[in-house]
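Subject: Structure handover and findings

Dear colleague,

Please find below the structure for your review. A written account of the findings follows it.

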Amino acid sequence: MKAKRARSPEDAPAGHMSDRVAIEQIVGQVVSQVLESHVPQLREELVRRVLEQLPAEVAVSANVTVESGASNLLKGVSAIHAGTTQKEILRALLDNTVRYCGRAALFVIKAGAATGWQGRGFGKGDEDPVKDCALDINTGAAERAMQSRSAFSGTSSEMDPRFVSEFGAPSDDQVLVLPLVLKEKVAALVCADAGTEAGGKVDAPSLELLVAATSAWLEVVSLRKQAAKEGASDAPVEKAAEPVPQAQTVSSYSDPFAGHAPKHVAPAPVEEPAAVAEAEPVSVAATPAPAADSLPQMTPEEADVHRKAQRFARLLVDEIKLYNQAKVAEGRKHKDVYDRLKDDIEKSRATYRKRYGNTAAASGDYFDNELVRSLAEDDSSIMGANFRR
C-alpha cells in the first residue's frame with residue numbers, strides 16, 4: 001500500500017489545524033521563556049516546562065511515560081551542554097537524536113551548499129557514509145527549512161533524490177528537516193526520519209527541542225570564547241603597539257563550521273560574499289574606536305585599551321540580549337528595559353568595571369553606550385526612568 005503524502009497545514013481539518021497551532025504556540029512561548037534564563041537554569045527548565053504544556057501523546061511515544069520522556073530529554077540537553085567545543089556539542093546532539101528517530105544526519109551549509117558532517121543510524125560499518133555527502137538545498141524539504149528557518153516535515157519525495165537513492169526511503173515515507181540557526185543564519189540542517197526498518201517513529205517536538213538547545217549553547221560557547229580571548233589580550237604589552245586602524249570591525253560570533261571544507265565544493269573566490277553560515281561582521285560599537293591621530297593626547301596603547309573595552313562591552317550585552325529576547329521586546333514596548341533586566345545588567349556591569357574600571361577606557365562609558373545601542377535601539381528613554389549611567 002502506497003504511503004500517503006504528509007498533508008500540509010492547508011489540507012488539515014480545522015480542528016487538527018487549531019490543535020497544531022496551539023501546540024506550536026505553547027512550545028514557542030515556553031522555549032522562549034526558558035531561553036531567557038542563564039545557563040545554570042537552562043537544562044532543567046527547558047525540558048520540564050515544555051513537557052508540562054504538551055499533551056502526553058505529543059510529548060512522548062506510546063510506550064514511554066511522561067516521566068521517562070522528560071528524563072531522557074533532560075539527559076540529552078545536559079549532554080549537549082556538557083560540550084565545551086563545537087565538535088563535542090554537535091556529536092552530543094546527533095547521539096541523542098536517535099532516541100527520537102530511526103536515523104539522523106547533520107549537513108553543514110557553506111557557500112550555498114550542504115555537506116554531510118556526521119550521521120547516526122545509517123549502519124554501514126565503521127565509516128560514516130554521511131560524511132562529505134552532498135545534499136541539494138535548493139528544492140523540496142531542505143529548501144523549505146532553509147527559507148523558513150523552522151522545521152519542515154514532508155515525504156521522501158521532497159528530499160534530494162540522491163540522498164534517498166543512497167540511503168533508502170524511510171519506512172513510513174516521512175522526513176523531518178530541522179535547521180540549526182546561529183546568529184539568525186542557517187548554519188546546518190539536521191535530516192531525521194524513522195529509518196528503513198518497519199515500526200520506526202519520529203518524535204518531532206523532542207528533536208526540535210534538542211536542535212534549539214544546541215543552537216543556543218553554540219552561541220553561548222562562542223561568546224564565552226570571544227570574551228576569554230579579550231581577557232587574554234589584555235596582558236601588559238612591553239613594546240609599542242601598532243597604530244589602531246581608523247575603521248575596524250570585529251565579529252562577536254565565531255562560526256563553528258569554519259574549519260569544515262566540503263570536498264565537492266570548490267573554494268569561493270576571495271571577492272565573493274561570506275558564506276551564509278557565517279555571521280556578518282558588525283561594528284565594534286555605535287561610536288568607532290578612537291584612533292591615535294584623532295586624539296593626540298592618547299598613546300597607541302591607550303587607544304588599544306579603548307578598542308578592547310568597546311569589544312568586551314558588546315560581548316557582555318550580546319549575552320544579555322541572547323537570553324532575554326522576550327524581556328527585551330516587552331521592555332522596548334513599555335519603555336522599562338532596565339527594570340526587566342536589572343539583575344543581568346548589573347552583574348555584567350560589575351564584570352566590565354572589574355576589567356576596565358581602572359584603565360584608560362574607564363572614561364569611555366562603553367558598557368552603558370552599548371546597553372542603549374543594542375537593547376534600546378539608540379533611544380535611552382526606552383531603558384526607563386531608573387536607568388542611570
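Helices and strands in this message are DSSP runs, numbered from the N terminus, where a helix (H or I) has at least four residues and a strand (E) at least two. This is a predicted model, in which local features need pLDDT of at least 70 and side-chain atom pairs count only at pLDDT 80 or more, while totals for chains, interfaces and linings use all residues. Residues are numbered from 1 along each chain as its sequence is written, and side-chain values use heavy atoms, with hydrogens and water left out.

Overall composition

The chain contains twelve helices and eight strands. Of its 389 residues, 43% are buried; buried means under 20% relative accessible area, exposed means over 50%, and partly exposed lies in between (1.4 Å probe, protein chains only). The chain exposes about 20000 Å², of which carbon and sulfur atoms supply 51%. These areas come from the Shrake-Rupley method with a 1.4 Å probe, and for residues only the protein chains shown count as cover. Among contacts in the chain with a separation of 6 or more, 68% are between residues 24 or more positions apart, a contact being heavy atoms within 4.5 Å.

Asn96 belongs to helix α5, which covers residues 86-97. Its relative accessibility is 6%, so Asn96 counts as buried. Apart from neighbours within four places in sequence, Asn96 is in contact with Gly76, Ala79 and Leu210.

Ala114 sits in strand β2 (residues 113-120) and is buried, with a relative accessible area of 1%.

Helix packing

Two packed helices are described by the angle between their axes and the distance between the axes. Here the axes are lines fitted to C-alpha atoms, for helices over the stretch in contact, and the angles run from 0 to 180 degrees between N-to-C directions.

Helix α9 (residues 300-323) packs with α12 at an angle of about 45°, the axes being 9 Å apart. The two helices, α9 and α12, are therefore oblique to each other; by convention, angles under 35 degrees are roughly parallel, over 145 roughly antiparallel, 65 to 115 roughly perpendicular, and the rest oblique. The crossing of α9 and α12 is right-handed. A crossing is right-handed if the near helix is turned clockwise from the far one by less than a right angle, and left-handed if anticlockwise. On the α9 side, the residues that meet α12 include His306, Ala309, Gln310 and Ala313; on the α12 side, they include Tyr366, Phe367 and Glu370. The residues of this contact of α9 with α12 divide into nine nonpolar, three polar and four charged. In this classification Ala, Val, Leu, Ile, Met, Phe, Trp, Tyr, Cys and Pro are nonpolar, Asp, Glu, Lys and Arg are charged, and the others, Gly among them, are polar.

Helix α12 (residues 366-375) also packs with helix α11 (residues 337-356), at an angle of about 145° and with the axes 11 Å apart. Here too the crossing of α11 and α12 is right-handed. From α11 the contact draws on Val337, Leu341, Ile345, Ser348, Arg349 and Tyr352, and from α12 on Tyr366, Phe367, Asp368, Leu371 and Leu375. Eight of the residues in the contact of α11 with α12 are nonpolar, one is polar and two are charged.

Helix α10 (residues 325-334) crosses α11 at roughly 145°, and their axes come within 7 Å. Lys327, Val328, Glu330, Gly331, Arg332 and His334 of α10 meet Val337, Arg340 and Leu341 of α11. The contact of α10 with α11 comprises three nonpolar, two polar and four charged residues.

Around and after α12

Asp365, in the loop between α11 and α12, has a positive phi of about 55° although it is not a glycine. With 28% relative accessibility, Asp365 counts as partly exposed.

In the segment after α12 lies Asp378, whose phi is also positive, near 65°, in a residue other than glycine. Asp378 counts as exposed, at 56% relative accessibility.

The segment after α12 also holds Ile382, which counts as buried at 9% relative accessibility. Leaving out residues up to four places away in sequence, Ile382 touches Gly331, Arg332, Lys335, Asp336, Val337 and Ala376. Ile382 and Lys333 are 8.1 Å apart, C-alpha to C-alpha, and 49 residues apart in sequence.

With kind regards
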